[in-house]
Amino acid sequence: MVFRFIIRLLANNEHLVQRLSESYPMRKAAQVVVRAMFTGKNFIQENRLHEKLTPEQFRSLMKDISVTLQKQVKQAHENIQKKMKQ
């Protein structure tokens, strides 16, 4: 209950949200998410997979995309740590 109150208080602090949005880690995280979204969307559209996938194939594809996204997030995290050490 207290945790929710603190989070709500911080989220409604416009100055804090603005400063966080301008920070390097937040910008990099947003770039990774958008890149993953468009990569998956383009892959499905180019291969016209949305027309002929079975549920099992769809699950497999989502698992592959998830693994790729995890690798990208890990790489971005490492880059952020290196950047912050400089």
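**A nonpolar patch and a pocket**

Met 1, Val 2, Phe 5, Ile 6, Leu 9, Leu 10, Leu 16, Leu 20 and Met 26 make a nonpolar surface patch of about 910 Å². The elements that give two or more residues to this patch are α1 (2-11) and α2 (14-21), and α1 has the largest share, five residues. Phe 5 lies in helix α1. Patch residues have over 30% relative accessible area and no salt bridge, and nonpolar side chains (Val, Leu, Ile, Met, Phe, Trp, Tyr) are joined within 5 Å. Helices are DSSP runs of H or I with at least four residues, numbered from the N terminus.

The model is predicted: local features need pLDDT of at least 70, side-chain atom pairs count only at pLDDT 80 or more, and totals for chains, interfaces and linings use all residues. Residues are numbered from 1 along each chain as its sequence is written, and side-chain values use heavy atoms, with hydrogens and water left out.

The largest pocket has a volume of about 160 Å³. A pocket is an open set of points on a 1 Å grid where a 1.4 Å probe fits, with protein on both sides within 12 Å along at least five of seven lines; lining residues have an atom within 4 Å of a point. α3 (24-46) and α4 (55-85) each supply at least two lining residues, with the largest share, six residues, coming from α4. By class, the lining has five nonpolar, four polar and one charged residues.

Gln 81 is also found in helix α4. Its relative accessibility is 39%, so Gln 81 counts as partly exposed (between 20% and 50%).

Definitions and conventions. Points joined across faces, edges and corners; volume = space filled by probe spheres on them. Nonpolar A, V, L, I, M, F, W, Y, C, P; charged D, E, K, R; others polar. Patch = residues over 30% accessible without salt bridge, like charges linked within 9 Å, V, L, I, M, F, W, Y side chains within 5 Å. Areas by Shrake-Rupley, 256 points an atom, 1.4 Å probe, with all protein chains shown as cover. Salt bridge = Lys/Arg side-chain N within 4 Å of Asp/Glu carboxyl O. Buried < 20%, exposed > 50% of the residue type's maximum accessible area, 1.4 Å probe, protein only.
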